[in-house]
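The model is a predicted one.

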Amino acid sequence: MTELTQPYEPNPALRALYARFFDHIRIDKTWVQRARELAETNTLVYVLRNLSFVDFLALDHVTKRHHLPRVRYANDLGLWLINPMGKGWTRALFPRRDIAPGDELRDALSHGDAAALFLKRPPRVLDVGARARGGRGIKEGDELVRALFAIQREHARPIMLMPMFFVWTQQPDTLGRRPIDFLLGPPEWPNSARTVAQFLSNFRRSSLRAGEPIDVREFLHNNSSLSEDVLVRRLTYATLRRLERERRSVTGPAARDPERVRYDIVRSPRLQALIDDLSDNDSQQRQALTAAALAMLRELQAQPDAFALRTFGSLVDRIFRRMYAGVEHSQTDFERIREASKNGTLVLLPSHKSHIDYLILSYCFFQENLLVPLIAAGDNLNFFPMGPLFRRSGAFFIRRSFGGDRLYGAVVDAYVRRVIRDGHPIELFLEGGRSRTGKLLPPHFGLLNMIVDAALGLAQSEIYFVPVSIGYDRIIETDSYERELTGGEKSKEDAAGLLRTPRLLRHRYGRINIQVGQFLTLGDIRRELGLPEDGAVRPAKRRAIVTRLANRAMDEINRVTAVTPGALTALVLLTHSRRGLPHEELVTRCRRLLHDLQEIGARMASSLVTPSGALRPEALREAVQMFVDAELVGAHLTGERESTGERRRRGRAAAGEGAVYTIAPEKRFALDTSKNIIIHFFVERALVALALLAPPGPPLPSTTARERVQWLSRLFKFEFRFHADAPFSAIFEQTVERMVQGRTVSLTDGALEPGSGRDGEGGTKWLGLYAAVLRNFLEGYRVAARGLTLLARSPLVEKELLKRTLSLGNQMFYAGEIEQRESVSKTILQNAFHTFSDQGFVVAQGEKLSLADSTSSGETLERVEAGIALYLRGVLS
């Protein structure tokens with residue numbers, strides 16, 4: 001029997017050429033495995049959207065490379081021009097009229113191979129000019145779909161359609177047609193010339209995306225009552241819809257002219273109503289307000305551009321490769337994000353510790369061929385020359401304060417509504433500004449409130465709120481943070497900061513780690529609050545939704561934060577009391593704390609542990625070396641190694657076995673920022689440890705321990721995030737139970753005392769280690785309590801109180817009353833004064849703070865400080 005089809009077999013030169021380009025295509029390994037499994041019991045037909053010989057060559061190469069069923073038939077692509085074998089010149093010049101495409105499809109599938117089916121072909125010049133089919137491609141595969149139905153009815157083996165889409169570009173569709181579209185086809189339906197150009201400019205970042213397979217046998221069974229024409233249309237539409245979902249997850253909504261978008265936003269009903277109200281029916285005033293709104297939008301609006309994104313992406317890639325050892329993230333997390341983006345709009349809620357945060361998610365999205373988010377950035381970043389580049393890369397700039405400007409607030413609200421309605425992903429930093437300490441800041445509700453309000457008005461669209469933790473081994477801004485924390489003024493971001501970039505590029509900052517938490521929806525939050533899942537929401541309930549959503553997101557960020565080598569190393573280096581710490585003891589302490597972290601389910605950076613979860617000592621050595629190179633930690637060789645000068649790096653002793661590490665007091669602030677990234681994992685245990693170790697010491701009745709821990713929790717109310725989803729008693733009992741299970745404490749006859757210990761250390765040592773984690777915070781609050789005496793003389797504005805208390809704290813440090821330099825921190829003092837105000841020791845008198853009447857006596861102030869100092873006496877290291 002004559003074979004009507006043959007697999008495409010390029011000659012050796014073409015095979016080498018294809019490998020050179022197509023080997024860069026990134027493919028989901030899970031999809032490859034699933035395709036292999038389906039091929040065992042099904043006949044596969046690869047379905048592509050747009051007739052393209054580039055897509056066919058890529059598909060042919062991919063299926064052979066990954067040992068998937070070979071493509072034996074595809075819609076006629078004219079491949080005889082580059083392949084004189086197969087159909088060949090003769091069959092191309094003298095085709096057989098008695099063979100229909102359906103016969104060739106049947107032949108290919110009968111040999112047990114696969115086929116490639118292109119559903120549409122790009123419109124030609126006359127098609128685009130006539131706007132044929134709306135410029136959305138011309139029917140190509142209907143006859144072959146009918147043939148598939150006939151083949152399936154004749155055979156029991158199911159035919160499985162495999163929708164797939166090659167990502168050659170992230171350029172979005174455009175509304176309307178440009179002159180070049182008449183020659184190259186529109187971006188969404190490119191002809192061969194445009195496809196080749198897109199491929200050549202992006203092949204290193206190309207990928208294959210696949211939709212859910214469609215079982216033809218099941219489809220026919222479920223639609224047996226429909227006519228053949230309706231079946232063809234329905235199957236084609238279902239397949240195209242799946243392909244379009246994949247494509248839109250990469251390209252996003254159609255691009256619109258920015259000026260047209262601004263005018264559309266100004267004409268929105270809400271904004272028009274406010275303008276009418278402010279203008280008081282004065283036409284000139286109305287015109288002036290409209291012009292002002294347009295100017296605000298021009299200042300605010302993001303204008304993402306594919307070329308700028310590609311250029312900026314290449315620049316950021318080079319910078320990151322120079323500064324960082326890598327960016328760690330879970331591919332599973334990004335696949336979850338991709339799936340959610342197909343079903344709704346993403347609102348990304350990352351932590352905010354560095355200006356790098358503005359870049360890293362966009363960088364990862366760009367690398368993963370996901371639609372890059374629009375980023376809510378402060379207008380302090382809108383400086384030349386970076387401002388225009390940020391704007392063209394997706395940033396929209398919001399004033400730090402609206403200052404009671406009703407028009408500006410309404411403009412921002414209208415813009416956010418438009419972005420949400422169009423389906424753009426948004427990136428919003430809930431903390432408002434960057435955390436200078438490494439800990440999460442309290443959430444700000446302003447912009448989130450606008451987003452929630454917009455989402456509640458779009459009941460037909462799902463909005464996914466995505467908590468994201470961005471962690472660092474070392475943060476690049478530690479020098480400026482130290483200056484601010486010790487009382488210096490914040491420096492303004494401008495071109496001078498850009499000129500200092502070469503200084504940053506001379507250092508290495510370890511790795512960046514990205515972790516994605518559980519997605520949140522408004523439906524989830526409404527159910528938690530006992531509200532109906534649909535329908536209007538009163539203002540008070542809307543505020544409750546926003547507050548719960550923000551706090552849930554922040555808790556989720558803390559939960560999924562990964563323990564990095566830099567953070568763990570910094571924590572151990574800062575929580576011992578001796579002059580130096582030998583490398584071997586550093587590793588031992590890190591291993592013990594790692595065991596604790598794994599017990600409570602903390603995520604680990606892949607660079608810190610092996611696949612089995614064991615500590616990688618080399619990761620710690622690399623982290624210490626990073627700190628040594630940055631001159632934050634001193635490494636000293638002892639004994640024989642000191643005399644031989646063994647293991648020196650840039651004139652300094654290298655980290656590793658035999659080294660002893662020291663930290664100068666003025667360098668502790670920089671390490672403290674890294675430590676605080678994971679400090680929240682230890683707060684509950686540290687509070688219990690402080691309660692037990694404080695005089696008179698253990699054993700301590702459980703009720704007394706509970707009272708002490710509650711007192712400390714109230715003291716640190718504004719310092720740490722405590723779980724809002726459980727009462728204090730439940731959290732206390734759970735913490736004690738875990739410590740009993742870990743043998744760090746024991747509970748006997750209602751009394752708590754140190755347990756038998758584990759990992760070579762007794763319970764008392766473990767409690768001392770936990771307590772040392774919070775030592776600098778206790779010392780800082782003691783400084784703040786001493787600072788209250790300044791108010792006994794006269795009321796002070798908060799800024800002046802902080803300034804004088806910082807000076808007082810420095811005196812206490814140099815006098816030896818407190819031990820840790822990082823205790824004298826502006827942020828710690830601010831949080832302490834908020835606590836003292838919340839507890840009624842301090843009251844506001846206009847812009848100034850003064851002591852409450854009940855606190856004005858010297859004895860009361862001494863008791864406040866003594867109460868804090870009591871717990872410092874119990875801290876062991």
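Burial applies to 55% of the 877 residues of the protein. The protein exposes about 38,600 Å², and carbon and sulfur atoms supply 51% of that area.

**Overall dimensions and fold content**
- The radius of gyration is 32 Å, which agrees with the value near 29 Å that a compact globule of 877 residues would have.
- The C-alpha trace spans about 105 × 85 × 55 Å along the principal axes of the protein.
- Secondary structure in the protein amounts to 39 helices and 28 strands.

- Taking contacts between residues at least 6 apart in sequence, 76% join residues at least 24 apart.

**Strand E15 and its partners**
- Strand E15 covers residues 511-516 and is mostly covered, with five of its six residues buried.
- On the parallel side of its pairing, E15 is joined to strand E9 (residues 326-329) over four bridges.
- Within that region, His-329 stands opposite Ile-514 of E15.
- Strand E14 (residues 462-472) pairs with E15 in the antiparallel sense, over five bridges.
- Tyr-472 has Ile-512 in E15 as its bridge partner.

How values were computed:
Residues are numbered from 1 along each chain as its sequence is written. This is a predicted model: local features need pLDDT of at least 70, side-chain atom pairs count only at pLDDT 80 or more; totals for chains, interfaces and linings use all residues. Side-chain values use heavy atoms; hydrogens and water are left out. Helices (H or I, at least four residues) and strands (E, at least two) are DSSP runs, numbered from the N terminus. The radius of gyration is taken over C-alpha atoms; the globule rule is 2.2 Å times the number of residues to the power 0.38. Buried means under 20% relative accessible area, exposed over 50%, partly exposed in between (1.4 Å probe, protein chains only). Contact means heavy atoms within 4.5 Å. Accessible areas come from the Shrake-Rupley method with a 1.4 Å probe; for residues, only the protein chains shown count as cover. Two strands pair if DSSP finds at least two bridges between them.
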